[in-house]
Amino acid sequence: MKRIALLLLAALLVSLYFYGNVAVAEEDEEHGGDIIYTKPLKAVIFSHKAHTEDIGLECDWCHEETFEMEALYMQENTDFTMESLCNENYCGTCHNGDISFSTTTQCARCHIGVKGYNELVRQGKIEPEEGDVIQVEGGGH
Amino acid sequence: MKLMNINLEKLIPESLDSVSPMERRSFLKMGLVITGVFAGGRIFSVVSNVNEAFASSTDFVEKYPYSPHYSMVIRQGLCIDCEQCLQACKETNSVPDYGYRTRILTKTVSDAIGRQREFIPILCNHCNDAPCTRACPTKATYKNEVNGVVMMNSKKCIGCKMCILACPYEARYYNAERRAIDKCNFCYDTRISKGEKLTACSYVCPTGARIFGDISDPENVVYSMVHQIEKQVWVLRPESGTKPNVFYMKATRSSPWDLRKQAGAR
Amino acid sequence: MIKKIKSETAERWGYMGIQSLIDSGNYFYVFAVIGVVALAGFAVGLHGTFTGYHHVYGVTRQVPWGVLISAYIFCVVTSTGLCLVSSIGHVFGYEPYMPIAKRAVFLSIVFMLGGFTIIFFDVENPFRMPIYNALSPNFTSNMWWMGTLYTLYLLALIVEYFFLLDQNHSMSRLAGLLGVIFGVAAHSNLGAVFGMLHGREFWYGPYMPIYFIVSAMMSGGAAIIFFSCLAWKIDRTVLTRRMERGIKAVCQLTILLIAIILFFTFWKIISGIVAPEKYIAIKAFISGPYAPHFWIAEVGLGLIVPFVLLIRSEGINTNLMFAATGFMMVGIFFMRYDLVLAGQIVPVFHAMHVEEYNSLLHYMPSFHEIAVVVAGLSFSAALFMLGEKVLNAHKFQKHAIVPPGAFICPGCGGIHYKKEGESEEDALRRHHRMRKVDREDEHA
């Protein structure tokens, strides 16, 4: 009897755990989660959460005029560069120092670097690209 | 007991007026010029003395111990850890996977407003007073007499690893393929001696975080970046007294951005 | 004719022949086992040489010196200590220390060889070392001086030991003096190898050279007692009354030196606590991951326990002394290990507060490193066992020709003449201006 009760409790806990996960995933889908740009350089993070939940921007403020709905669509464009951003394209539309902080400042606020990219791969949050060498930090003889 | 005869009248007061121009100049040489730590070190942070130093400019410039006196300015805020420099360094200098000549460190300040992350490139500081060259038993590592680059003569290296311990910047590692300690030599053998103007890392750096040049040349961009009092310039671990030749400063992309082009980068 | 000279030399040297070792029964088997362990260790070390140390050793670029350097330091510290403590007798003429000289100098050489064996497997290009030490010397390098001075020291020891064997005591005294000079120079310089690294706060300063010399003498005292007690366990005839007195004198000195090292350690900690740069390393040792090393091995086994036991033994109870110095040998090994690691576990960039260096660095000896240490130490142990048998337990031998009315002083090894009706003991005391002690008193 006691054993059955324990089993039931375990099953309940497990289902709760998965339910929780599903809920988070759905929430992610609502705003698209984190986008990690890897071109032209590794790597830049765009947080949907920071822009929608935290600041309260609406989806249609950026989509689809400035950014396509398809994630990472932009980084195939040849003009997806800092030069172009400084001319108020892409992120620079808002990040011009007027609406929000300029793309000429606070570099490492969006640039997470190879380290940040590797960390996300290690955490399983993004799929590694071909040819990625994910090294363990602090090694080396 | 005999007391000294002191004539108070004749004593010279210890103020700046009483220091002869000659003495003052030699002091400045000691503090600023010979050290190679210009504005950055704790010895002389950017204070009024700088102007005085500028007054004797030509004499001052000549006093850098090397010519060309190679050095690098790291503009800390510009580094985005794209690691193109690490890649270029590995390819140019055949650095194995288990080692590195230069590295990028991450600093996170979680309670900062706005940007909370900072990437800090590190490399050999090519110190004027290099602890490694003193520690090496066989002179396998030495200062290049012309340009001050800390070099390796691999065939003399016995592999005792004394220099790794002596280095306060962790710039050295043992390279099994070379059978010697390996370290950054400002690409001396692979690029600079072949007529290139820049090291591989500063050549490929897309943001101008690494500016390489000759600090003894007033025409050089590095000279102008270090010889100013508008922005703070510092060196790593000044307390070790090594008189490093890699200078650090903060910068954003809005500050003179084209410096990297001026320095000759890609 | 040649055979006769040979046998005379052998007798003077106390050379018993290899056969005496082979015939020693169980002792020989123990010797053989230790020898095989040493050879196995060498084999593992050589395997490391050919595969590349960076594949098989636990050291990294952040912690480039590991257990091999610690073991090397342990060996050379013990060697220097043996040389210094025994020199009190046979170099500087204090009689009670004289009988320990032969074994001490022999062990001094043995430990030096053990240390060199270990360092051979640590240095990446050992064969370049003698070449470029000579061709391209850097006189400002402590490392250069270390190699040079220890080589001179070893040579002086070998010459000293040769004359000790040959019973040429004025020459052995001279060589011994050179040994002491080179030993102190080499060993304090070894301290300076660490003490002159101004990029490493924990080591930097004059403390290291001073500490190295004093702790060398402590190690030397411990080693003399330990190996003499061991020799006595092997062969009971070794512990003569004069030897017993020698050990007692060494025991008293060792107690004093332990006390000195205790206060060295105490003040190192106290002064380190107030210096922010050193505090991180000190904290790792007094309450962090190295606390068991520090409190149990270094302070407990290395200092406090032997301090109490040696006082209890009164320099007479060989079992207590044997245990005490046995603990000390273990504790001192950890002392060296801690010393080597303490300067390295704090990353050089810790003050930058970067993510890469926000914690203590980690080092764990690898199998290959431990094997090399075992090889070096068991090589020394095997040589010790060899010496005990083949060199007649380092007893002072009588001269081949002793003039009538004279005798060989068991203390200094020289020839003394007896007055009429005088015993050897009394003549020795008279000759060395020692106070006459009532024999009955001494027995008690």
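1. A salt bridge is a side-chain nitrogen of Lys or Arg within 4 Å of a carboxyl oxygen of Asp or Glu. Lys243(B) and Asp129(B) form one, with their closest N and O atoms 3.3 Å apart. The two residues are 114 apart in chain B. Lys243(B) sits in the loop between strand S9 and strand S10, Asp129(B) in the loop between S3 and helix H5. Both are partly exposed: Lys243(B) at 23% relative accessible area, Asp129(B) at 39%. Note that this is a predicted model.

2. Glu118(B) and Lys250(B) also meet in a salt bridge, at 3.1 Å from N to O. This pair links distant parts of the chain, 132 residues apart. Glu118(B) lies in strand S3 of chain B. Its relative accessible area is 9%, so Glu118(B) counts as buried. Lys250(B), at 42%, is partly exposed.

3. Arg237(B) and Glu239(B) form a salt bridge of 3.2 Å. Arg237(B) is buried at 9%, while Glu239(B) is partly exposed at 45%. Salt bridges also link Arg101(B), Arg178(B) and Asp182(B) in a network. Over all chains, the structure holds 15 salt bridges.

4. In chain A, strands S1 (residues 34–37) and S2 (residues 44–47) run antiparallel, joined by 4 bridges. They form a hairpin with 6 residues between them. Ile35(A) has Phe46(A) as its bridge partner.

5. Two polar contacts deserve a look. Gln123(A), in the segment after helix H6, contacts the side chain of Lys125(A) through its own side chain at 3.3 Å. In chain C, a side-chain polar atom of Ser24(C) lies 3.4 Å from the backbone nitrogen of Phe28(C). Ser24(C) is buried at 18%; Gln123(A) is partly exposed at 44%.

Conventions. Residues are numbered from 1 along each chain as its sequence is written. Chains are lettered from A and ligands numbered from 1 in the order in which they are written. This is a predicted model: local features need pLDDT of at least 70, side-chain atom pairs count only at pLDDT 80 or more; totals for chains, interfaces and linings use all residues. Side-chain values use heavy atoms; hydrogens and water are left out. Buried means under 20% relative accessible area, exposed over 50%, partly exposed in between (1.4 Å probe, protein chains only). A polar contact is a pair of N or O atoms within 3.5 Å; within protein, one must be able to donate a hydrogen and the other to accept it, and residues adjacent in sequence count only if both atoms are side-chain atoms. Two strands pair if DSSP finds at least two bridges between them.
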